[in-house]
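Please read them with the structure open beside the text.

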Amino acid sequence: MDEGVAVQGPPGEGAVAVLGMLRAALDRSVTALSAPALLQEGELGDVLGALDAVTSRSHALMVAVLREAIARGLHGESGFSEVDWLRLVCPAVSSREAAEIACLARAGQEQVHGPLLEAVRSGALPVGRAAAVVRALGRVRTAIGPTEYARAAELMTMAATDARLGEADLARVGAQLVATCLSEGEQVARDRAREQLRDVHESSLADGSVRRVVITFGQDADYAAFRAVMMSPLAAPATLEETRATGQVETRTPGQRRYDALMAVLRRGVAGSTGQPTTPKAQLMVTIPLGVLTGQDPGCGVSGPGGPGGAGGPALSAHRARQLACEADLIPAVLGTRSEILDLGRAARLVTPGQRRALAHRDQGCTFPGCHVPASWCDAHHIVHWSRGGRSDLANYALLCARHHTWVHQHESTATTDVTGVTWHLR
């Protein structure tokens, strides 16, 4: 054998060898980065950028390899979908990433998507962005001919590879493509079909003591409204001023903060429709001993239907009953020592529309130190509890967001008011 003549093995053998060297290099990088505290400030960003590039190119290579695997039918032989097969052989890939990679690998089976796949292969187009292009093209494919579709694919690929266009810009290009290619009737039909997908259902977890609600949005506008709540001040973490005021650090996870925001909006939804709550958020019958309601004795009440003895409704703590007196038409059935009904009280008098406007002007928003939730999302809290004889007038009201309304009830916090606002006494 002449010197200098390379002996080539099977076509894939060289790729495996190269990837083996790449993996070894990555292992050396892990060792080199085992003490990132030793890196200079300028190096940290460079290292993160390099790691991001490696991840991006790895996903692009996965698209190419999965494209070939699909062409050979490997996933079908195993009885898996493309996504499930990819996750089987690449367990570190997330469900979202696998769906995007599989989307592009399927699109790559058609020559019309060649420029898009080439942009991914070259690194000019991230996998996630390219998958968004394929999804946008899929919305119009049945409405246009092959020539028009090829042109649409070309235009969308050009837009996606334009670094000046952000994700929102690309989404607008896709929406414009749909609007241009589909007739008004087709767009209406498509919107109606999507609207039919809207759904809310509940599923039990474990023994049924924990509930999960799954929401499927039928319209982009509905999701945008939901997203606005999730990104609103209601879901913001506690500020430094709040932390100093309470002496407690923020312990809620992002998911818990979003839950609190959603519940605040849902509770507001059963209030007045003019932007300022004027109707009761709920009407609730609470059966509770007099001493428990006034805070003199320990114990709890029973909410909902049912009489003495607690039949019919779940237990309700005394502090929660007092909080509901701020928010709802609370009708207390006060019991004596023998559980006889001493008084079936009238509904608690709620803040009037005029008082609500005056509170919004005086307090501007949540009065808890450091909180910035606007007045329209706040409750009117009785500083001296209604159940303890507190008056329903401006001097005894303070605006609080749902989270801090719960907090001041739990901690029995007090406050003083004057014409300029509210001062909370938290220590």
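1. A residue is called buried here when its relative accessible area is under 20%, exposed when that value is over 50%, and partly exposed in between. The model is a predicted one, and the points below should be read with that in mind. Trp407, at 13% relative accessibility, counts as buried because its value is under 20%.

2. How many aromatic pairs does the structure hold? There are two of them. In one, the rings of Phe217 and Phe226 have their centres 5.1 Å apart, and with their planes at 50 degrees the pair is tilted. Both partners fall between the two accessibility cut-offs: Phe217 is partly exposed, with a relative accessible area of 28%, and Phe226 is likewise partly exposed, with 24%.

3. The other pair is formed by Phe368 and Trp407, whose ring centres lie 5.3 Å apart and whose planes stand at 75 degrees, so this pair is edge-to-face. The pair links distant parts of the chain, since Phe368 lies in the loop between α16 (353–363) and β8 (379–382) while Trp407 belongs to helix α17 (residues 402–410), 39 residues apart. Phe368 counts as buried, at 1% relative accessibility, and Trp407 counts as buried as well, at 13%.

4. An aromatic ring also takes part in a contact with a charge: the charged end of Arg141 sits over the ring of Tyr149, at 4.2 Å from its centre.

5. Turning to helix packing, helix α5 (residues 95–107) and helix α7 (residues 127–138) pack with their axes 9 Å apart and at an angle of about 55 degrees, which makes α5 oblique to α7. The crossing of these two helices, α5 and α7, is left-handed. Which residues meet where α5 and α7 pack? From α5 come Glu100, Ile101, Cys103, Leu104 and Ala107, and they meet Val127, Gly128, Ala130, Ala131 and Val134 in α7.

6. Glu412 is placed in the loop between α17 and β10 (414–418), and with a relative accessible area of 35% it is partly exposed.

Note on methods:
Residues numbered from 1 in each chain as written. Predicted model: local features only at pLDDT ≥ 70, side-chain atom pairs only at ≥ 80, totals over all residues. Heavy atoms only, no water. Phe/Tyr/Trp six-rings, centres within 6.5 Å; stacked < 30°, edge-to-face > 60°. Buried < 20%, exposed > 50% of the residue type's maximum accessible area, 1.4 Å probe, protein only. Helix = DSSP H or I, 4+ residues; strand = E, 2+ residues; numbered from the N terminus. Lys NZ or Arg CZ within 6 Å of the ring centre and 35° of its normal. Axes fitted to C-alpha atoms, helices over the stretch in contact; angles between N-to-C directions. Parallel < 35°, antiparallel > 145°, perpendicular 65-115°, else oblique. Left-handed = near helix turned anticlockwise from the far one by under 90°. Contact = heavy atoms within 4.5 Å.
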